[in-house]
Amino acid sequence: MSGKELLPIPIRLIDKFLLGIALIGGGLTLAFMVFLSAANVLVMRKIFGAPIKGAEDLLILSLVILVALAIPLGGRTGAHIEIEVFESRMSAGFEKWSMVLLRLIGGGLMFVMSWQLIHAGQKATKFGETTQQLLISYEPFYYLLAISSGLYGIVLFLDVYQRLFRGSVRLLDLGGTE
């Protein structure tokens with residue numbers, strides 16, 4: 001397989017979706033976090049002597065958004081840590097099938113996690129799961145993490161597809177290497 005060969009349409013679509021969400025959503029969230037932190041510390045604390053009420057709540061929720069956006073994209077770019085202690089001692093066939101099996105198990109576990117996050121989100125309001133100062137419900141953030149986990153499960157299953165039908169997994173290249 002040459003480096004220029006096109007990936008299947010579903011993989012190209014998920015790559016574009018993940019990149020767009022990460023760049024737009026992640027960029028806006030990061031800009032918000034920088035602005036809020038600077039306004040809170042430099043202006044409100046230093047000049048007026050009183051921090052913005054609830055700024056910590058907003059920063060924590062923004063961090064949850066950033067992590068949720070990064071999980072599936074990290075899977076497509078190969079950013080997640082893999083410990084390959086025994087890979088050099090495995091035969092090519094055993095390495096292939098162990099990777100397939102582990103990706104299938106991982107994808108299944110991500111779907112279970114997504115399902116459990118949906119249930120936790122449904123119970124969040126009932127049990128009063130909110131931020132400390134602003135009392136913002138965690139419910140939508142559970143749902144966002146559920147979507148993120150589900151997308152990462154799809155990414156793992158697409159890795160299995162690539163390995164079985166294309167011979168190797170071609171990761172999303174962000175242009176930082178070469």
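Residues are numbered from 1 along each chain as its sequence is written. In this predicted model local features need pLDDT of at least 70 and side-chain atom pairs pLDDT 80 or more, totals for chains, interfaces and linings use all residues, and side-chain values use heavy atoms, without hydrogens or water.

Colleague: How far does helix 3 reach from its first C-alpha to its last?

Modeller: Helices here are DSSP runs of H or I with at least four residues, numbered from the N terminus. Helix 3 covers residues 92–124, which is 33 residues.

Colleague: Which helix do the buried residues of helix 3 pack against?

Modeller: Buried means under 20% relative accessible area, exposed over 50%, and partly exposed in between, with a 1.4 Å probe and protein chains only. The buried residues of helix 3 include Glu95, Met99, Arg103, Met110, Leu117 and Ala124. Taking contact as heavy atoms within 4.5 Å, their packing partner is helix 4 (139–166).

Colleague: Which residues does Leu18 touch, not counting residues up to four places away in sequence?

Modeller: Leu18 is among the core residues with the most contacts inside the core. Its contacts beyond four places in sequence are Pro72, Leu73, Arg76, Leu151 and Val155.

Colleague: How many residues apart in sequence are the parts that Asp15 and Arg76 tie together?

Modeller: A salt bridge is a side-chain nitrogen of Lys or Arg within 4 Å of a carboxyl oxygen of Asp or Glu, and the count by this rule is three. Asp15 and Arg76 form one of them, with the closest N and O atoms 2.6 Å apart. Both Asp15 and Arg76 are buried. Asp15 lies in helix 1 and Arg76 in helix 2, so the parts tied together are separated in sequence by 61 residues.

Colleague: Which helices hold Arg163 and Glu95?

Modeller: The side chains of Arg163 and Glu95 meet in a salt bridge at 2.8 Å, N to O. Arg163 is buried at 14% relative accessible area, and Glu95 is buried at 18%. The pair ties together parts 68 residues apart in sequence, because Arg163 lies in helix 4 and Glu95 in helix 3.

Colleague: How far apart are the closest N and O atoms of Arg103 and Asp159?

Modeller: Arg103 in helix 3 and Asp159 in helix 4 link parts of the chain 56 residues apart. Arg103 and Asp159 are both buried. The closest N and O atoms of this salt bridge are separated by 3.4 Å.

Colleague: Is Val64 buried, partly exposed or exposed?

Modeller: Val64 lies in helix 2. It touches Phe141 and Leu145, leaving out residues up to four places away in sequence. Its relative accessibility is 23%, so Val64 counts as partly exposed.

Colleague: What is the phi of Leu135?

Modeller: Leu135 is found in the loop between helix 3 and helix 4, and at 58% relative accessibility it counts as exposed. Apart from neighbours within four places in sequence, Leu135 is in contact with Asp57 and Thr130. Most residues other than glycine have a negative phi. Leu135 is not a glycine, yet its phi is positive, about 55°.

Colleague: Where is Phe48 found?

Modeller: Phe48 is exposed, with a relative accessible area of 58%. Val41, Leu42, Val43, Ile47 and Phe48 form a nonpolar patch on the surface, with about 490 Å² of accessible area together. Phe48 itself is in the loop between helix 1 (9–45) and helix 2 (55–77).

Colleague: What rule makes a patch?

Modeller: Patches are made of residues with over 30% relative accessible area and no salt bridge. Accessible areas come from the Shrake-Rupley method with a 1.4 Å probe, and for residues only the protein chains shown count as cover. Like charges are joined within 9 Å, and nonpolar side chains (Val, Leu, Ile, Met, Phe, Trp, Tyr) within 5 Å.

Key. Helices (H or I, at least four residues) and strands (E, at least two) are DSSP runs, numbered from the N terminus. The expected span of a helix is 1.5 Å times one less than its number of residues. A nonpolar core is a set of buried Ala, Val, Leu, Ile, Met, Phe, Trp, Tyr and Cys residues joined through side-chain atoms within 4.5 Å.
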